[in-house]
Amino acid sequence: MNQALLRALAAALCLALLPVTATSQGAEIAFGDVEQDPAQPVEVTAETLSVDQDDGTAIFTGDVLIVQGEMRLSAPTVEVFYDQAGDRIQRLKASGGVTLVSGDDSAEAESADYSVESGTILMQGDVLLVQGQSALTSDRMTVDTHDGTARMEGRVRTVLQSND
């Protein structure tokens, strides 16, 4: 190959990688269209609910859908942990195959753990992130809902398409 063609290919590759800032530990990317406000109410819809008054948890099962602002999380089972007073949700733990949607971005994983107060969602197990026509996979992804970013770690993989 001639030098001009090699430089053009290298420049095209660099431009294709601009939306993702990759590091040796993982990749940090934008996630969602808007910043999420953890003070917004959390709406939960499910087939069944069981409550444990002793430990302050509630377990929702069957087509669970959680909506907070523009963010939607769905899973077969979601365990809700309340604060000691029992009036504020501290954490949501989803399992059995989880889908998280914020704006045009969506992610799937085996499980997700959402700390409502800190605005952090940890998705683990065969994570798939889809943004438009781009897709990334990894072992885990941490979403910061306050600033609308996500960090993917553990065997991060994407396929870059040319614009032909």
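Over which residues does pLDDT stay under 50, and how many contacts beyond four places in sequence does the model have for them? The stretch is residues 1-25, for which the model has 19 such contacts, where a contact means heavy atoms within 4.5 Å and pLDDT is the predictor's confidence in each residue, from 0 to 100. This is a predicted model, in which local features need pLDDT of at least 70 and side-chain atom pairs count only at pLDDT 80 or more, while totals for chains, interfaces and linings use all residues. Residues are numbered from 1 along each chain as its sequence is written, and side-chain values use heavy atoms, with hydrogens and water left out.

**View 1. The whole chain and its confidence.**
Along the sequence they follow the pattern α-β-β-β-β-β-β-β-β-β-β-β-β. The average pLDDT of the chain is 79, and 76% of the residues score at least 70. Confidence is lowest in helix α1 (residues 3-16), with a mean of 36, and highest in β8, with 94. Of the 164 residues, 29% count as buried, which is to say under 20% relative accessible area, whereas exposed is over 50% and partly exposed lies in between (1.4 Å probe, protein chains only). Among the contacts with a separation of 6 or more, 37% come from residues 24 or more positions apart.

**View 2. The largest nonpolar core.**
A nonpolar core is a set of buried Ala, Val, Leu, Ile, Met, Phe, Trp, Tyr and Cys residues joined through side-chain atoms within 4.5 Å, and the largest one here has 29 residues, with V78, M123 and M141 having the most contacts inside it. At least two residues of this core come from each of β5 (57-68), β6 (71-82), β7 (89-102), β8 (105-115), β9 (120-131), β10 (134-144) and β11 (149-153). The strand that gives the most is β6, with five residues. If residues up to four places away in sequence are not counted, V78 touches A58, I59, F60, V64, I66, L73, L92, K93 and A94.

Strands pair if DSSP finds at least two bridges between them, and β6 and β7, which run antiparallel, are joined by ten bridges. Within this pairing, V78 stands opposite A94 in β7. The two strands form a hairpin with six residues between them, and in its turn G86 has a positive phi of about 80°. Strand β7 also pairs with β8 in the antiparallel sense, again over ten bridges, and here K93 stands opposite D113 in β8. The hairpin of β7 and β8 has two residues between the strands, and G103 takes a positive phi near 65°.

**View 3. A charge over a ring.**
R91 lies over the face of F81, at 4.5 Å from the ring centre; a charge sits over a ring if NZ of Lys or CZ of Arg is within 6 Å of the ring centre and within 35 degrees of the ring normal.

**View 4. Strands β10 and β11.**
Five bridges hold the antiparallel pairing of β10 and β11, in which V143 stands opposite A150 in β11. The hairpin of these strands has four residues between them, and G148 takes a positive phi near 70°. One face of β11, with A150 and M152, is covered, while the other, with T149, R151 and E153, is uncovered. S134 is found in strand β10 and is partly exposed, with a relative accessible area of 41%. The C-alpha atoms of S134 and V159 are separated by 7.9 Å, although these residues are 25 residues apart along the chain.

**View 5. Positive phi outside glycine.**
D126, a residue other than glycine, has a positive phi near 50°; D126 is found in strand β9 and is exposed, with a relative accessible area of 60%. R155, also a residue other than glycine, has a positive phi near 55°. R155 is found in the loop between β11 and β12 (157-158), and at 72% relative accessibility R155 counts as exposed.
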